[in-house]
Amino acid sequence: MADRLTQLQDAVNSLADQFCNAIGVLQQFAPPASFSNIQTAINKDQPANPTEEYAQLFAALIARTAKDVDVLIDSLPSEESTAVLQAASLRQLEEENHEAAARLEEVVFRGDMLLKRIQHALADIAQSQLRTRSGATGQPSPAES
């Protein structure tokens, strides 16, 4: 995953691409300006322009990307974030990390103990089934006596 500055650069590039694409499409499909003495025969046979749909589409894309840029800018560290504050934040995160590691070790230990109990119980069950089967085949049936 990219860092915040790279994400911000990508979002600004995307915003610039969307502006360029919007201008290009709108120029391509915009109705020509009328000049009083010049007749344009090229655009007379064109169907109705979907300019309004394109305008709404690009407006939505540009607005969403601009919002993403704002969110990324807000997530950047502020100028008020000094080295002392960052060090304190890192110490707190490290402390939380150690606590989580201790909890994880305890859960793993309990899981290992439970696994050993289950394996022991399964071994007992298997031994009981083997004794039951060997005892049933070692005794003569009532029909044989």
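This is a friendly dialogue on reading the features of a predicted model.

Reader: Glad to be here. What kind of model is this, and how are its residues numbered?

Author: It is a predicted model, in which local features need pLDDT of at least 70 and side-chain atom pairs count only at pLDDT 80 or more, while totals for chains, interfaces and linings use all residues. Residues are numbered from 1 along each chain as its sequence is written, and side-chain values use heavy atoms, with hydrogens and water left out.

Reader: Let's start with the overall fold. How many helices and strands does the protein have?

Author: Helices (H or I, at least four residues) and strands (E, at least two) are DSSP runs, numbered from the N terminus. Here the secondary structure comes to 3 helices and 0 strands, and the order from the N terminus is α-α-α.

Reader: How do I judge the span of a helix, say α1?

Author: The expected span is 1.5 Å times one less than the number of residues. With its 26 residues, α1 reaches 37 Å from its first C-alpha to its last, close to the 38 Å expected. Helix α2 has 25 residues and reaches 36 Å, close to its expected 36 Å.

Reader: Next, burial. What share of the protein's residues is buried?

Author: Buried means under 20% relative accessible area, exposed means over 50%, and partly exposed lies in between (1.4 Å probe, protein chains only). In this protein, buried residues make up 8% of the 145 residues. Those of α1 are L8, A11, L15, Q18, A22 and V25. In α2, the buried ones are F58, I62, T65, V69 and L72.

Reader: Which helix do the buried residues of α1 pack against?

Author: They pack against α2, and the buried residues of α2 in turn pack against α1.

Reader: Which residues make up the largest nonpolar core?

Author: A nonpolar core is a set of buried Ala, Val, Leu, Ile, Met, Phe, Trp, Tyr and Cys residues joined through side-chain atoms within 4.5 Å. The largest one here has 5 residues: L15, A22, V25, F58 and I62. Helices α1 and α2 (51–75) each supply at least two of its residues, and α1 gives the largest share, 3 residues.

Reader: How far apart are D70 and A11 in sequence and in space?

Author: They are 59 residues apart in sequence and 9.8 Å apart in space, C-alpha to C-alpha. D70 is found in helix α2 and is partly exposed, with a relative accessible area of 46%.

Reader: Which residues form the salt bridge?

Author: A salt bridge is a side-chain nitrogen of Lys or Arg within 4 Å of a carboxyl oxygen of Asp or Glu. By this rule the count comes to 1. R110 pairs with E106, the closest N and O atoms being 3.9 Å apart. Both residues lie in helix α3, 4 residues apart, about one turn of the helix. E106 counts as partly exposed, at 41% relative accessibility.

Reader: And at the surface, which residues form a nonpolar patch?

Author: Patches are made of residues with over 30% relative accessible area and no salt bridge; like charges are joined within 9 Å, and nonpolar side chains (Val, Leu, Ile, Met, Phe, Trp, Tyr) within 5 Å. Accessible areas come from the Shrake-Rupley method with a 1.4 Å probe; for residues, only the protein chains shown count as cover. L114, I118, L122 and I125 form a nonpolar patch with about 370 Å² of accessible area together.

Conventions. Contact means heavy atoms within 4.5 Å.
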